[in-house]
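Please read each numbered point with the structure open beside the text.

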Amino acid sequence: MRKKIPSTAALMAFEAAARHESFTRAADELALTQSAICRQVAGLEDFLGVALFRRTRRGVQLTEAGMRYARQLAPRLDAIERDTLAVMAQHGSGSTIELAVVPTFATRWLMPRLADFRARHPEVQINMSTQTRPFLFDQTEFDAAIYFGEAGWPGTEAHFLMHEFPVPVCSPTLSGVHAEMEPDAIAGLPLLQQTTRPYAWRQWFEAAGVSAPRDMAGMRLELFSMLAQAAIERMGVALIPPFLIEQELRAGRLMIPCDRSFASQRAYYLIMPEHKAERRDLDAFRNWLIESATAP
């Protein structure tokens, strides 16, 4: 039975026109005439039996149906382009893993080690995109994810990689800072908070046996890279695992005024859908990743 799918040309014309809310700018982007965009969109509306744009004297505006269709269509066109580029890059051989990964872990831990995986498995290509929150695999094109949190996503299997052991870090020139400070002295400094680990400072002070009434106060930032830069700029003290800021520590841009740490309850996991767990490329990547995470 023939699938009821509009032409690719019509979909691309609509997606560009929807993104710009302009037939003229869509035409410029796609190297077409404005009348060609108009014809493609009108043909798509006839095919769907739904108005996607309202035509006004000032131009065009998406209808509610048009906005909904554009939101659904854009990621699917992106996925088709990504799959096409993957096939072109591999010349039809090898395999590709689409990996979601938390940003700083990707740049500071995974990337420096990934050349080793590529040397062992040159037939496997790893594409990475950043994700900081849990998601449903069946609503994305991802094959696996490296996630910091708790295991137990529905329909997946999780493989433990490592805990974090964060320590206080700051600029050596931050006012009031010196080497070998006690935890209660750290409590008197401005604290930098991480939105994805909102209780990190509270847990650190509790592990040190210190009462810190303002353990939840301070600037809130999402990523470790943001925390590190804020600490370098003398905005406060951040809790960061040393393996994510080795460069800054070696260069002296950051220091550890107190080397106390704690093992967080959450951890880094490799998460993959159960129905993809037996793929040979994912199995190879999983084994290599666990080996790398447990290496001294």
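1. C170 is buried, with a relative accessible area of 0%; buried means under 20% relative accessible area, exposed over 50%, and partly exposed in between, computed with a 1.4 Å probe on protein chains only. The residue belongs to the loop between β7 (167–169) and α6 (183–186). Helices (H or I, at least four residues) and strands (E, at least two) are DSSP runs, numbered from the N terminus. Leaving aside neighbours within four places in sequence, C170 is in contact with V177, A231, G236, V237, R253, L254, M255 and P257, where contact means heavy atoms within 4.5 Å. From C170 to T195 there are 25 residues in sequence and 18 Å in space, C-alpha to C-alpha.

2. A word on the source is needed here. This is a predicted model, in which local features need pLDDT of at least 70 and side-chain atom pairs count only at pLDDT 80 or more, while totals for chains, interfaces and linings use all residues. Residues are numbered from 1 along each chain as its sequence is written, and side-chain values use heavy atoms, with hydrogens and water left out.

3. The loop between β7 and α6 also holds E180. Is E180 buried or exposed? E180 is exposed, with a relative accessible area of 72%. Its phi is near 55°, a positive value in a residue other than glycine. R234, in the loop between α8 (224–232) and β10 (238–240), likewise is not a glycine and has a positive phi of about 65°. As background, most residues other than glycine have a negative phi.

4. Please examine the open sheet of five strands, whose order is β4-β3-β5-β11-β6, with mixed pairing. Two strands pair if DSSP finds at least two bridges between them. The edge strands, each pairing on one side only, are β4 (124–130) and β6 (156–163). On average, neighbouring strands of this sheet are turned by 25° against each other, direction ignored; axes are lines fitted to C-alpha atoms, for helices over the stretch in contact, and angles run from 0 to 180 degrees between N-to-C directions. Within the sheet, β3 (residues 95–101) and β5 (residues 144–149) run parallel and are joined by three bridges. V101 stands opposite I146 in β5.

5. Which strands does helix α5 (residues 103–120) lie across? Helix α5 lies across β3, β4, β5, β6 and β11 (267–273), and runs at about 175° to β4. Helix α10 (residues 280–294) lies across β3, β4, β5, β6 and β11, running at about 20° to β6.

6. Another pairing deserves a look. Strands β1 (residues 53–56) and β2 (residues 59–62) run antiparallel and are joined by four bridges. They form a hairpin with two residues between them. In β2, L62 is the bridge partner of F53, and G59 stands opposite T56.

7. The next topic is open space. On a 1 Å grid over the protein atoms alone, a pocket is an open set of points with protein on both sides within 12 Å along at least five of seven lines, a cavity is a set of points where a 1.4 Å probe fits but cannot get out, and lining residues have an atom within 4 Å of a point. Grid points are joined across faces, edges and corners, and a volume is the space filled by probe spheres set on the points. The largest pocket has a volume of about 360 Å³. Of the 17 residues that line this pocket, the closest to its centre are T8, M12, L77, D78 and E81. Helix α4 gives the largest share of the lining, seven residues.

8. The second largest pocket has a volume of about 310 Å³. Of its 15 lining residues, the closest to the centre are P75, A79, Q139, T140 and E141. Here too α4 gives the most to the lining, with eight residues.

9. Finally, there is one cavity of 30 Å³ or more, and the largest cavity has a volume of about 40 Å³. The largest cavity is lined by L192, Q193, Q194, R197, A200, W201, L227 and L239. The elements giving two or more residues to this lining are β8 (193–194) and α7 (200–207).
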